[in-house]
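Keep the viewer open and turn to each region as its heading comes up.

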Amino acid sequence: MPKRSFVRLNEDADAAGQQPFANPRNAAAGSLRQKDPKVTAHRDLETFIYAIADVTPVSVNSQWEFLQWLRASGFSVNPNAKRCNSAAEVHEFCAQALAHRDELDYDIDGVVVKVDSFASQEALGFTARAPRWAIAYKFPPEEKQTVLREIRIQVGRTGVLTPVAEFDPVVVAGSTIARATLHNIDEVRRKDVRVGDTIVVHKAGDVIPEVVGPVTTGDEGPAHEARPLWNMPEVCPSCGSPVVREEGEVAYRCVSIDCPAQASERLIHWGSRGAMDIDGLGDELVNRMVEQGVLSDVADFYDRLTEDLLAELWTGRTSVSGDKIVVGRTVASKVMAQVEQSKERGLARVLFGLGIRHVGANVASTLAKRFGSMEALAQASVEEIATVEGIGPKIAQSIHDFLRVPSNLQVIERLRTSGVVLEEEVVEPVRPQTLAGLTFVLTGTLETLKRSDAGEALKELGAKVSGSVSKRTSYVVAGAAAGSKLTKAQELGVPVLDEAALLAIIETGQLPE
């Protein structure tokens with residue numbers, strides 16, 4: 001969203017008596033999420049085009065040529081893009097962009113630097129997360145000073161105790177922040193922040209509030225040293241149970257199964273957008289239901305919670321006359337309708353919502369597509385789960401252990417009985433999984449096909465394709481000009497295949513003799 005559009009949007013909001021947006025980033029994101037496209041159209045968003053999925057139909061050989069083609073074809077292209085001929089020119093461009101960022105009519109947080117030649121891009125390829133031929137130069141985030149007033153403990157759904165810094169509110173990168181996670185005790189010690197310190201805060205990536213550290217110069221130095229070090233509590237602040245720190249782990253945990261903070265966090269997570277997406281189920285409402293004994297586990301949403309029970313729930317507030325203010329029939333009806341709709345979300349959402357350790361949304365989706373039902377997943381061994389692409393032994397063990405706990409299985413069975421869908425359409429492999437359990441590493445230049453295409457072909461046969469060589473690597477496929485990965489494979493005694501052997505494997509689905 002251009003700055004001029006942002007100013008006009010907030011002027012209109014002010015005139016209408018509405019809450020203004022904090023910054024153009026939030027305004028743009030909120031505009032895209034509007035259900036009414038007319039509202040989005042009114043918001044005056046703009047865009048720059050810089051890439052398409054496949055440049056094959058276009059007769060260009062580089063990113064720069066492609067930008068010229070886009071511009072000539074009528075697309076909106078950033079006028080400040082530049083082709084540099086040396087590293088020094090790249091550094092100079094980044095420095096100029098930083099110096100003049102405020103002169104642009106839109107907010108930026110850095111510069112993307114790309115290798116120009118498409119042929120070179122193809123040769124460089126990708127890591128598991130990003131292209132090797134592009135990198136982001138991130139501008140230093142805006143920093144402000146404020147006073148650290150308290151370090152509170154937040155108990156997560158898995159029992160992890162997380163220290164959170166509470167400080168005097170300060171405006172950073174367009175919005176007001178007053179708290180930021182300190183992650184763990186090691187991070188508190190590394191940053192050496194103490195209650196009462198003047199601290200420096202910024203937004204990591206211009207988004208996430210972060211404490212940089214204390215101000216220890218001038219008069220602040222002696223004052224900082226005089227303040228006591230902060231320590232993790234010995235008992236859980238929510239339930240009073242002892243906290244433990246397992247050997248080799250940085251986290252402190254409350255291990256009490258009756259901890260109300262964990263129950264609240266698990267229930268809030270279950271209703272979150274990425275999980276069962278129960279609209280209207282806010283943190284405060286969940287906390288009240290836990291406090292008043294209405295909910296204790298996720299199955300309670302479906303076999304215990306009723307509209308009448310929710311409507312009469314005390315909100316924690318009282319009227320002027322002293323009467324308790326309850327949730328009411330209107331809100332209760334809307335929430336219960338959302339609870340009913342959530343039954344149809346499917347297995348992937350359920351797996352994510354259960355809060356199994358190490359299982360995020362992507363892992364949950366992968367598991368659901370592979371196993372198809374909660375029953376099939378529960379019957380799988382650790383080894384079977386670990387063969388799934390992107391799931392290693394640690395995640396597999398966590399899933400297997402979770403599905404062996406009787407109380408967890410009881411909750412899952414109650415969900416099933418209540419009509420919650422615990423199945424998902426299975427994506428059947430096109431080819432027999434003859435390479436399941438094997439890990440391949442591709443290195444060097446292949447003559448007959450791209451490394452990415454070779455990797456996909458191996459995955460279709462059930463293999464994992466990794467970007468690094470280790471003792472667990474089954475085979476290394478070495479093309480022309482193979483480098484350090486080939487050397488490491490030879491040092492570790494990992495079998496090395498040439499391109500002919502690779503092609504034979506892809507064609508037949510069988511390993512060489």
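## A charge over a ring

Over the face of which residue does R370 lie? R370 lies over the face of F371, and the distance to the ring centre is 5.7 Å. Please bear in mind that this is a predicted model.

## Aromatic pairs

Let us stay with the rings for a moment. Searching the whole structure turns up 8 aromatic pairs. One of them joins F126 and W133 in an edge-to-face arrangement, with 6.0 Å from centre to centre and 85 degrees between the planes.

Are these two partners buried or exposed? F126 has 53% relative accessibility, so F126 counts as exposed, given that the cut-off for this class is over 50%. W133 has 15%, which falls under the 20% limit, and therefore W133 counts as buried. Elsewhere, F66, W69 and F75 form a cluster linked by ring pairs.

An open sheet is built from 4 strands, arranged in the order 13-12-14-15, and their pairing is parallel. At its edges are strand 13, covering 464-466, and strand 15, covering 496-497; each of these pairs on one side only. Helix 21, made of residues 484-492, packs on the sheet and touches strand 12, strand 14 (475-478) and strand 15. The direction of helix 21 makes about 135 degrees with that of strand 12.

How many bridges join strand 12 to strand 13? There are 3 bridges between strand 12 (residues 439-443) and strand 13, and the two run parallel.

A last stop is L161, a residue of strand 4, which spans residues 160-172. Its relative accessibility is 2%, so L161 counts as buried, the limit being under 20%.

What does L161 touch, leaving aside residues up to four places away in sequence? The contacts of L161 are I153, Q154, V155, M232, P233, P237, V243, Y252, R253 and C254. For a sense of scale, A29 is 132 residues from L161 along the chain, and the C-alpha atoms of the two are separated by 32 Å.

Notes:
Residues are numbered from 1 along each chain as its sequence is written. This is a predicted model: local features need pLDDT of at least 70, side-chain atom pairs count only at pLDDT 80 or more; totals for chains, interfaces and linings use all residues. Side-chain values use heavy atoms; hydrogens and water are left out. Two strands pair if DSSP finds at least two bridges between them. Contact means heavy atoms within 4.5 Å. Axes are lines fitted to C-alpha atoms, for helices over the stretch in contact, and angles run from 0 to 180 degrees between N-to-C directions. Rings of Phe, Tyr and Trp (its six-membered ring) pair if their centres lie within 6.5 Å; planes under 30 degrees apart count as stacked, over 60 as edge-to-face and the rest as tilted. Buried means under 20% relative accessible area, exposed over 50%, partly exposed in between (1.4 Å probe, protein chains only). A charge sits over a ring if NZ of Lys or CZ of Arg is within 6 Å of the ring centre and within 35 degrees of the ring normal.
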